[in-house]
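Have the viewer ready and try each task before reading on.

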Amino acid sequence: MEKGCPGRNKEEAEKPSPICGSRRSADGKLEDDLRAETVKWQKKAQDLYGKVSGDGEFLENVSAYIRDCQYFLENGDLIRAFEAVIWAWAWMEIGLEKGLLQQRG
C-alpha cells in the first residue's frame with residue numbers, strides 16, 4: 001500500500017501532508033484528539049437530551065446511544081464511542097426536524 005492521503009501520488013506521499021496532518025494534535029496523537037472530540041460531543045448530546053421531550057421510544061434509542069458512547073469510552077473503543085455519540089446526535093436532530101421531539105427552553 002502507498003503511504004499518504006488518498007488521491008496523492010507516490011512522490012507526494014513521501015512528504016508529510018499538511019492536509020492530513022492538520023487533523024492531528026500538535027504532538028501527533030490522533031487517539032487523544034478522537035477522545036477529546038468524542039467527550040465534547042457526548043457532553044453536547046447529554047445536554048441536548050436533557051432539553052428534549054416527545055416520543056418515548058425515540059428517546060429510548062437516543063439514550064441507548066449515549067450510554068453506548070460511555071461504555072465504549074470506558075473500554076477504550078474510541079471509534080465506536082464516537083460513532084455512538086454521532087448516532088445519538090443524529091436521532092435527536094431527526095426527531096426535532098420531524099416533530100417527534102420538542103426542545104424545551
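A residue counts as buried under 20% relative accessible area, as exposed over 50%, and as partly exposed in between (1.4 Å probe, protein chains only). The model is predicted, so local features need pLDDT of at least 70 and side-chain atom pairs pLDDT 80 or more, while totals for chains, interfaces and linings use all residues. Residues are numbered from 1 along each chain as its sequence is written, and side-chain values use heavy atoms, leaving out hydrogens and water.

**Exercise 1.** Classify the pair of Y65 and W87.

Step 1: Recall the rule: rings of Phe, Tyr and Trp (its six-membered ring) pair if their centres lie within 6.5 Å; planes under 30 degrees apart are stacked, over 60 edge-to-face, the rest tilted.
Step 2: A search of the whole structure finds five aromatic pairs.
Step 3: In one of them, Y65 and W87 are stacked, at 6.0 Å centre to centre with 15° between the planes.
Step 4: Y65 belongs to helix α4 (residues 56-74) and W87 to helix α5 (residues 78-97), 22 residues apart; helices are DSSP runs (H or I, at least four residues), numbered from the N terminus.
Step 5: W87 is partly exposed because its relative accessibility is 44%; Y65, at 24%, is partly exposed too.

**Exercise 2.** How is the pair of Y65 and W91 arranged?

Step 1: These rings are tilted, with 6.5 Å between centres and 40° between planes.
Step 2: Y65 is in helix α4 and W91 in helix α5, so the pair ties together parts 26 residues apart in sequence.
Step 3: W91 has a relative accessible area of 23% and is therefore partly exposed.
Step 4: Ring pairs join F58, Y65, W87 and W91 into a cluster.

Definitions and conventions
Helices (H or I, at least four residues) and strands (E, at least two) are DSSP runs, numbered from the N terminus.
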